[in-house]
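Trainee: Could we go through this model together? I would like to begin with a single residue and then move to the packing.
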Amino acid sequence: MSPSVRLQELIRVIRSARTQCEERGVIQRECAAIREQFRQNDNGGRSHNLAKLLYVHMLGYPAHFGQMECVRLIASPRYSEKRIGYLGAMMLLDEKQDASLLITNSIKNDLSHSSQYVQSLALCTLACMGSAEMCRDLAPEIERLLKASNSYIKKKATLCAVHIIRKVPELGEMFTPSAHSLLSEKNHGVLHGAVVLITELCERNTQTLDNFRKAVPELVQIMKGLVMSGYSPEHNVAGISDPFLQVRILRLLRILGRNNDRASDAMNDLLAQVATNTDSTKTAGSAVLYETVLTVMDIRSESGLRVLAVNILGRFLLNNDRNIRYISMTSLLKIVQTDHNAVQRHRGTIVDCLKDQDASVQRRALELSLALVSSVNIRSLMKELLLFLSTCPPELRAHAASGIFIAAEKYAPSQRWHIDTILHVLTTAGSDVRDETVPNLIQLITSASELHCYTVHKLYRALVTDISQQPLVQVACWCIGEYGDLLLKGDCEETEPVQVTEDDVLDALETVLQSHMSSPATRAFALTATMKLSTRITENVDRIRSIVSIYGSCIDVELQQRAVEYNALFRKYDHMRAAVLERMPVIDKGQTNGEMSANNIKDLEQTDVKIPEVPLPSNQLCLEVCDLLDLLGGSEEPLQPSQAPPSSVPTPSSTGTGQDLLDLLGGVCPAPVPVVTGVTVYEKNGLTVTLQCDQRTETSVTVSLLASNSTDSDITSFSLQAAVPKSVQLQMKAPSGDVVPAHGAGQVTQTVILMNPNKVNLKMRVRVSYSSQGSFCQDTAQIDSFPTTAWS
């Protein structure tokens, strides 16, 4: 190729290059030739060389050495050279380049040029790459051109003013009068630019927004003229008269009508007219209708108009264009909370979109379907969602499962339906569910006491069928460990009777322990379940002992620790094994998740729960989560249960030492003032708890809770927990024991120190836990009748 070729020849040679290396060689030789001609100041070929350099720049190669040539060509008096110079400036220069400041004077001169085409070149360049300094210098020239008689120049000046406002917002006031006068123009290009300019002004200044609200009737008339006008070849697009201008006007009306009743009322009729007279079969018509819907939903429109807007979006759902269906569901998702019933009418069409092949459409359809779930349609809609879950793409499975869990928890018609739904999800997409699913389901199962037999049978069958879904296996192992005795009885009325032997259950758990698909957490569930079965079966205890002993040398530390502790329970503490491994009590949701209870006590909203770190005297209660969130509602911070390690669980005989160690305030308080009085705070099932104020100082009071038993049998596993308002600090000492003797032969004493520096009215809520005649009981008591001497 010769050192200097025409642009067309350069394009042909570059396109014919067979390799990237050959293309780079051609461009490097041509760039070298262009540099040489720039140095020679060859006036004849300057514009042609810059044109070739711009093509090289478009291919991604460096062309910065042509910036100064752009400046020279812009200053040329010839139009052909100015055109290439301005084009090069828009492509090679930006506001960060120092060379851009050199063309400011040339642009100012060309804005006053006699030729409209030279003026338009200067306007386009300023609107494309004008810096803030250039905009400040040339803003008066632009404001002057906005009043020009030439529509061609006026249109470009309007768009240039938009760029100036974006760069220097404080110059907006300069263009406000001219922008309002432009609305009377007949030229669609000028009108379009004027609407864009007014939109920019209104978005950046609230005072300007209030001023332009007076122009709403004028905008409505322009829009009506476009909607009702006949065929115009110059502006017609697919049967719609200038849809670009219509969309811009609707967008401006949305801004003007937002949070303003008067402006909204002025455009309601127009929006209804556009919604009913615009053809939605073409893309241009759909664009206008979509902007109409957005405007209706954003302003203070009438209810009937909002229903019409939702119906338009419903028609969009039937469109063959996936993009239109996508934006329709996106819009419905935004308004489903405010217009739920109107969106609910299109539920069938939305559910059909779940079968779409496009993943983005499926995702939007899933989100919208979950938002439409209510107590009325939960059963029918959940069937569709569960069917979708079994066939949905892997990337949507976790989102679908999470949404189904939330909907089922909120609108479940019954506990059995709730459990069946979650088990179906775990069976279908167990590997994709969140970590909190397992404890949430366990909490649900424990609260449904009448469904324990049904649940354990169903989970056992699921475990035998498939052990690949880890969350399902974990819940199944937990249920088998807790309710294995119900499984072995085989007399469940809810399901078909299945005879399960002890060996069958142990085989299933051993399969989980030995499977390569089982995670360490799952093995831990299975090992604990196996250990718990040792108190629920009679003939295979030795086999359980053998299974547990194997994992005493397991490489997994968590599993090894469990096995070692369980082996110790077999060898050294076999007499305690039944009590330690007995069935878990009902777990409140607040206890499971560590979250605030929904049923807060209104009269004690401003409370702070204090849980003393006191070792519990019962092995069973050590395993229970000591969470007092349900005692006093309204605590602002989540609380963590206070638990002592198993090795430190004291016997009743050791409580004296523990009491001394836990007397944190001993020797600190001033001389006590004795106060002796008694109030019965709890009396049920033969158990009576009495409050007695022992000592009082200026800032604290010491009370004793005395428990006595009038029944014929001892009350065991007795425990007291307390919560007080925020302004009071609580310290609980170790109890005197955990067994309340029968026939009132003795008492259990729990000492509580209450720090009350503000001397507020004392209130306390107490949780009482105990086992009586083989059944575990848990109850709460509210103490509002503290003696006045305890706090005044």
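Trainee: Is Asn259 buried or exposed?

Mentor: This is a predicted model, and in it Asn259 is exposed, with a relative accessible area of 58%.

Trainee: Where is Asn259 placed?

Mentor: Asn259 sits in the loop between H14 and helix H15 (261-277). Its phi is positive, about 60°, although Asn259 is not a glycine.

Trainee: And what is phi for Asn685?

Mentor: Phi of Asn685 is near 55°, a positive value in a residue other than glycine. Asn685 lies in the loop between strand E5 (678-684) and strand E6 (687-696). With a relative accessibility of 45%, Asn685 counts as partly exposed.

Trainee: Let us turn to the whole chain. How many helices and strands does the chain have?

Mentor: The chain has 35 helices and twelve strands. Of its 792 residues, 52% are buried.

Trainee: Among contacts between residues at least 6 apart in sequence, what share joins residues at least 24 apart?

Mentor: That share is 67%.

Trainee: Which residues have the most contacts inside the largest nonpolar core?

Mentor: They are Ile142, Leu332, Val343, Ile480 and Val505, in a core of 180 residues. The largest share of this core, twelve residues, comes from H27. Apart from this core lies another, of 32 residues, which includes Leu705, Ile715, Val768 and Tyr770.

Trainee: What does Ile142 touch, leaving aside neighbours within four places in sequence?

Mentor: Ile142 is in contact with Leu111, Leu123, Leu126, Ala157, Cys160, Ala161, Ile164 and Phe175. As a general point, nonpolar side chains tend to be buried together in soluble globular proteins.

Trainee: Back to H27, then. At what angle do H27 and H28 pack?

Mentor: Helix H27 (residues 470-489) and helix H28 (residues 502-514) pack at about 165°, and their axes are 11 Å apart. That angle makes H27 roughly antiparallel to H28. The crossing of H27 past H28 is left-handed.

Trainee: Which residues meet there, between H27 and H28?

Mentor: From H27 come Val473, Cys477, Ile480, Leu487 and Leu488, and they meet Glu502, Val505, Leu509 and Val512 in H28. By class, this contact has eight nonpolar, no polar and one charged residues. Ile480 and Val505 are also among the residues with the most contacts inside the largest nonpolar core.

Trainee: How far apart are the axes of H17 and H18?

Mentor: The axes of helix H17 (residues 303-316) and helix H18 (residues 322-335) are 8 Å apart, and the angle is about 145°. H17 passes H18 in a left-handed crossing.

Trainee: And H14 with H16: what is the angle there?

Mentor: Helix H14 (residues 243-257) and helix H16 (residues 283-298) pack at about 5°, with axes 9 Å apart. H14 and H16 are therefore roughly parallel to each other.

Trainee: How many charged residues are in the contact of H14 with H16?

Mentor: There are four charged residues, alongside eight nonpolar and three polar ones. Among the residues of H14 in the contact are Arg251 and Arg254, and those of H16 include Glu291 and Asp298.

Trainee: A change of topic: why is H4 described as largely enclosed by the rest of the structure?

Mentor: Helix H4 (residues 67-74) is described so because six of its eight residues are buried. The buried residues are Gln67, Glu69, Cys70, Val71, Leu73 and Ile74.

Trainee: What do the buried residues of H4 pack against?

Mentor: They pack against H2, helix H3 (46-58), H5 and H6. Within helix H2 (residues 20-39) is Gln37, which is buried, with a relative accessible area of 15%. Gln37 and Asn49 are twelve residues apart in sequence and 8.2 Å apart in space, C-alpha to C-alpha.

Trainee: One last residue. Where does Asp94 lie?

Mentor: Asp94 lies in the loop between helix H5 (79-92) and helix H6 (104-111). Asp94 is partly exposed, at 33% relative accessible area. Not counting residues up to four places away in sequence, Asp94 touches Ser100 and Met129. Asp94 and Gly130 are 36 residues apart in sequence, with their C-alpha atoms 7.5 Å apart in space.

Definitions and conventions:
Residues are numbered from 1 along each chain as its sequence is written. This is a predicted model: local features need pLDDT of at least 70, side-chain atom pairs count only at pLDDT 80 or more; totals for chains, interfaces and linings use all residues. Side-chain values use heavy atoms; hydrogens and water are left out. Axes are lines fitted to C-alpha atoms, for helices over the stretch in contact, and angles run from 0 to 180 degrees between N-to-C directions. Helices (H or I, at least four residues) and strands (E, at least two) are DSSP runs, numbered from the N terminus. Angles under 35 degrees count as roughly parallel, over 145 as roughly antiparallel, 65 to 115 as roughly perpendicular and the rest as oblique. A crossing is left-handed if the near helix is turned anticlockwise from the far one by less than a right angle, and right-handed if clockwise. Contact means heavy atoms within 4.5 Å. Ala, Val, Leu, Ile, Met, Phe, Trp, Tyr, Cys and Pro count as nonpolar, Asp, Glu, Lys and Arg as charged, and the others, Gly among them, as polar. Buried means under 20% relative accessible area, exposed over 50%, partly exposed in between (1.4 Å probe, protein chains only). A nonpolar core is a set of buried Ala, Val, Leu, Ile, Met, Phe, Trp, Tyr and Cys residues joined through side-chain atoms within 4.5 Å.
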